[in-house]
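Okay, thanks for having me, everyone.

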2 protein chains.
Amino acid sequence: MPEYAIGLDLGGTNLRAAAIDRAGQVLDRRATAANPAAGREAMLGHMVNAVSELRDSCGAAGLAGIGIGVPGFILLKEGIIRNSNNLACLEDFPIRAEIERRLGARVILENDANAAALGEKWMGAGRGVDDLVLLTLGTGIGGGIISGGRVLQGYLGMAGELGHTTVVPDGNPCGCGNRGCLEKHASATAIAAMASMLHLGEGLSAREVYDLAMSGNEKASQIFLAMGQALGVALATLVNTFNFPLYLLSGGVLAAWDLFAPPMLEEVRRRSFTFRTTDTRIEKATLGSEAGLFGAACLPWVEVKLKADS
Amino acid sequence: MPEYAIGLDLGGTNLRAAAIDRAGQVLDRRATAANPAAGREAMLGHMVNAVSELRDSCGAAGLAGIGIGVPGFILLKEGIIRNSNNLACLEDFPIRAEIERRLGARVILENDANAAALGEKWMGAGRGVDDLVLLTLGTGIGGGIISGGRVLQGYLGMAGELGHTTVVPDGNPCGCGNRGCLEKHASATAIAAMASMLHLGEGLSAREVYDLAMSGNEKASQIFLAMGQALGVALATLVNTFNFPLYLLSGGVLAAWDLFAPPMLEEVRRRSFTFRTTDTRIEKATLGSEAGLFGAACLPWVEVKLKADS
């Protein structure tokens, strides 16, 4: 029986878990609705059940560890979700300790975007690259930074909040208190909001704005131009800051790559001497929504390696 | 005889070198004008002489290594200065190999702001802190990032170009090709340029603008307000990106701290959830112009430690 780890990707909508071996083969998986409205106890039960079933299915002896990716600000040392828009019911509760108690096994928590970055590094577009940044373009924008093969966590585990990079100093207000955050100018939500502001139609989704742009609608095209430029401003700063070889984009908005990538790359070229004069790559991530699951499963192995190195 | 290292801090104006022991005691030092106009051969001669004299004075047996901090984009692996506004005569030349050849000793090159950050970590405001960012506010703005106790260099050694963070997307044009770079809105040069734009007086220095502000001149005060806000935008993004415990500011502009720090900190508070809700510190560096010298001297020991760890 191969050694494997269990990764759990917890979102506001879905809870997915997989047993994955060291070669990246998925041995077994579970998926269920996350349903935060059912409350903390129900969510904990679902998480513990999913892991238990996979452990039973794959054999407890081969289990290297359990990693869990969750959205929000996480206090890593304490194993607590400090703030999560989608999972408020799990905030300020010793979630890691409680899951460890119920499973009788060690659990590693990580922010979901960080986990996705690690997943792309392990089995996706970042294979063989030890230093990369991932931006997840969804309803919000998350960030994950891999430095020297491991997640850059910051002293409290709050690093990589790249969706809150200021790209327009007096731009759209954000729930974080800032104005002009990247995620208010380049997420799916931002695309829909711009469509509404430009009177393109009421309640259009980002996907519908994309379809309009593809059918030649000028206003819709302008939205992806603006969105690409906003991404370019943020990416130029990331390139200038990190000088990493690779920056990846993932998330549902990636479907509009052909519309936003040209102005985005043009903006980065204009704004970053480093980008213009090196072979720095800005590319699509390849694991899609699987990245978080792979990254979560990868966490126990990264930790084992860190301990061996230290 | 104590073990010591020689640090050399090469600028556009001054060349300074010091022999420093492991406890941070300066054993001996040399200083001379850098005079880039005299050309490459003269500059190389000055550098080699300064190091040779210190080695003779302190004894070759105790020398742990030689570190050199230089301004500009450096290709670390190749040991070449790719681009330096102040030291164009040293560009695209195997400077490290040539100095090693003349001295018969191993030399480590580093960007000057990176070296300064390392110096502050070793003997300055960052003592005991393994993760910090330093912004050097002078005629330009440089950045140095210390992550896990070592300089974050990026894959080509070009990381930390924080002076080229976009803080005003359609702001002042910069030599790097961008508009609205931090250093075009918050350096000494930017302060002087704003004074000229506001017709405060022709050819005023940043210091003179400061004196005007201190004497109650409203326009001059507005300049430090704008400059503090620009710094705040960049710092908020750094805090959101790294979640490091400490961000340091150094350089001549630090003299105006009382004028620019309040609006700067207010801006960071407003723009960074992480800053508002944690004990993240933004403070003055303490080594002044010595930071680069200490950091350069520190380079051989950091390298020895890295080799021991790997």
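I'll start with a sheet and then turn to a pair of helices. Keep in mind that this is a predicted model.

So, the sheet. In chain A, five strands make an open sheet, ordered β3-β2-β1-β4-β7, and the pairing is mixed. At the edges you have β3, residues 26–33, and β7, residues 107–111, each of them pairing on one side only. Going from one strand to the next, the twist averages 15°.

Now look at β1, residues 4–10, and β2, residues 14–21: these two strands of chain A run antiparallel, with seven bridges joining them. If you want a landmark there, A:Leu8 sits opposite A:Ala17 of β2(A). There's also a helix packed on this sheet, α3 of chain A, residues 112–123, and it touches β1, β4 and β7. The direction of α3 makes about 100° with that of β7(A).

On to the helix pair. How do α7 and α8 of chain A cross? Their axes come within 7 Å, at roughly 40°, and the two helices are therefore oblique to each other. The crossing of α7(A) and α8(A) is right-handed. As for who makes the contact, α7(A) brings residues including A:Phe224, A:Leu225, A:Gly228, A:Gly232 and A:Val239, while α8(A) brings, among others, A:Phe260, A:Pro263, A:Met264 and A:Arg271. Sort the contact residues by type and you get 14 nonpolar, four polar and three charged. Among those from α8(A) are A:Glu266 and A:Glu267.

Conventions
Residues are numbered from 1 along each chain as its sequence is written. Chains are lettered from A and ligands numbered from 1 in the order in which they are written. This is a predicted model: local features need pLDDT of at least 70, side-chain atom pairs count only at pLDDT 80 or more; totals for chains, interfaces and linings use all residues. Axes are lines fitted to C-alpha atoms, for helices over the stretch in contact, and angles run from 0 to 180 degrees between N-to-C directions. Helices (H or I, at least four residues) and strands (E, at least two) are DSSP runs, numbered from the N terminus. Angles under 35 degrees count as roughly parallel, over 145 as roughly antiparallel, 65 to 115 as roughly perpendicular and the rest as oblique. A crossing is left-handed if the near helix is turned anticlockwise from the far one by less than a right angle, and right-handed if clockwise. Two residues are in contact if their C-beta atoms, placed from the backbone, lie within 7 Å. Ala, Val, Leu, Ile, Met, Phe, Trp, Tyr, Cys and Pro count as nonpolar, Asp, Glu, Lys and Arg as charged, and the others, Gly among them, as polar. Two strands pair if DSSP finds at least two bridges between them.
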